[in-house]
Amino acid sequence: MTAELVMDYLGALCLAAGALFALAAAVGLVRFPDPLSRMHAATKPAVFGLLLVLLGVALTLRDPKVITLVTFAIVMQVMTAPVSGHLVARTAHRTGQWDSEHAVVDELADDQSADKDD
Amino acid sequence: MIYILGAAATMLSVAAILTLWRLVSGPTPLDRIIASDVIVAIAIAAVGVYSVIAGNATGLPIVLALSLVGFTGAVGVARLISSSEGVRRLFDRRRAMKDDDDR
């Protein structure tokens with residue numbers, strides 16, 4: 001067992017774990033009932049699954065150029081994923097395309113009705 | 001090792017097919033845009049698996065480009081849906097103004 005072999009296997013396991021995250025997200029997309037709960041499933045592979053996959057690539061290829069590219073890709077994904085997630089959730093709430101009957105708490109609607117009363 | 005990578009590629013294929021089903025069946029545009037976000041994430045993961053199997057880094061610029069611009073589609077469609085109500089009101093108001101001018 002050399003260090004290279006260990007890193008190769010660790011990288012492959014990271015890739016498999018990332019792929020498992022993607023599969024779980026796809027199952028959640030098919031099974032969950034409304035856009036907000038589907039978003040809950042969909043945002044997992046976009047950040048943590050991607051982090052695992054790119055970590056696997058960096059562990060397997062072990063090249064400084066690759067590690068630089070992978071770090072930059074992870075940083076960019078972490079910066080941009082919340083933007084789209086926030087906007088999609090905001091649109092789902094504002095256009096009423098979500099399961100508001102089963103929601104335990106809806107603070108945005110409370111704030112909006114308080115604004116209207118003023 | 002190739003078995004682990006094969007299992008990862010198989011899981012990604014199944015995930016892509018399931019996500020594609022959600023993309024096709026909807027029912028709302030938001031479900032479709034969420035599904036297309038997941039497809040972008042699956043594509044990035046697939047390029048990563050390909051790079052490891054092929055043993056070279058030629059695919060990694062694709063990963064970088066997708067992680068840079070992958071969010072713009074969701075942002076655009078979300079803005080379009082949330083403002084389409086306002087656009088319709090603006091359209092109705094303009095039409096009413098035009099009717100007044102014609103009279």
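## Two domains in chain B

In chain B, 7 residues of domain 1 are in contact with 7 residues of domain 2. Contact means that the C-beta atoms of two residues, placed from the backbone, lie within 7 Å. Domain 1 covers residues 1–70 and domain 2 covers 71–103. These bounds come from an automatic or database domain assignment.

Helix α2 of chain B (residues 29–54) gives the most to the domain 1 side of this meeting, with 5 residues. Helices here are DSSP runs of H or I with at least four residues, strands are runs of E with at least two, and both are numbered from the N terminus. The domain 1 side divides into 4 nonpolar, 2 polar and 1 charged residues. Ala, Val, Leu, Ile, Met, Phe, Trp, Tyr, Cys and Pro count as nonpolar, Asp, Glu, Lys and Arg as charged, and the others, Gly among them, as polar.

## About the model

This is a predicted model: local features need pLDDT of at least 70, side-chain atom pairs count only at pLDDT 80 or more, and totals for chains, interfaces and linings use all residues. Residues are numbered from 1 along each chain as its sequence is written, while chains are lettered from A and ligands numbered from 1 in the order in which they are written.

## The build of chain A

Chain A has 4 helices and 0 strands. From the N terminus, its elements run α-α-α-α. Its radius of gyration is 19 Å, well over the 13 Å that the globule rule gives for 118 residues, so chain A is more spread out than a compact globule. The radius is taken over C-alpha atoms, and the rule is 2.2 Å times the number of residues to the power 0.38. The C-alpha trace spans about 70 × 30 × 15 Å along its principal axes.

Of the 118 residues of chain A, 38% count as buried. A buried residue has 20 or more other C-beta atoms within 10 Å of its own C-beta, placed from the backbone.

Helix α3(A) has 31 residues and reaches 46 Å from first C-alpha to last, close to the expected 45 Å. The expected span is 1.5 Å times one less than the number of residues. Buried residues in α3(A) include A:L69, A:A73, A:Q77 and A:V88. Just after this helix, A:G96 takes a positive phi of about 70 degrees.

Helix α2(B) has 26 residues and should span 38 Å; its end C-alpha atoms are 37 Å apart, which agrees. B:G55 follows α2(B), and its phi is positive, near 75 degrees.

## Where the chains meet

Between the chains, 43 residues of chain B are in contact with 51 residues of chain A. Helices α1, α2, α3 and α4 of chain B each give two or more residues to the chain B side. The largest share, 15 residues, comes from α2(B). By class, the chain B side has 32 nonpolar, 7 polar and 4 charged residues.

## The nonpolar core

The largest nonpolar core has 57 residues. Such a core is a set of buried Ala, Val, Leu, Ile, Met, Phe, Trp, Tyr and Cys residues joined through C-beta atoms within 7 Å. Helix α2(B) gives the most to this core, with 13 residues. Both domains of chain B give residues to the core, so it lies between them.

Among the residues with the most contacts inside the core are A:A22 and B:A15. Leaving aside neighbours within four places in sequence, B:A15 is in contact with A:A22, A:L23, A:A25, A:A26 and B:I42.

Methods:
A residue is buried if 20 or more other C-beta atoms lie within 10 Å of its own, exposed if 12 or fewer, and partly exposed in between; C-beta atoms are placed from the backbone.
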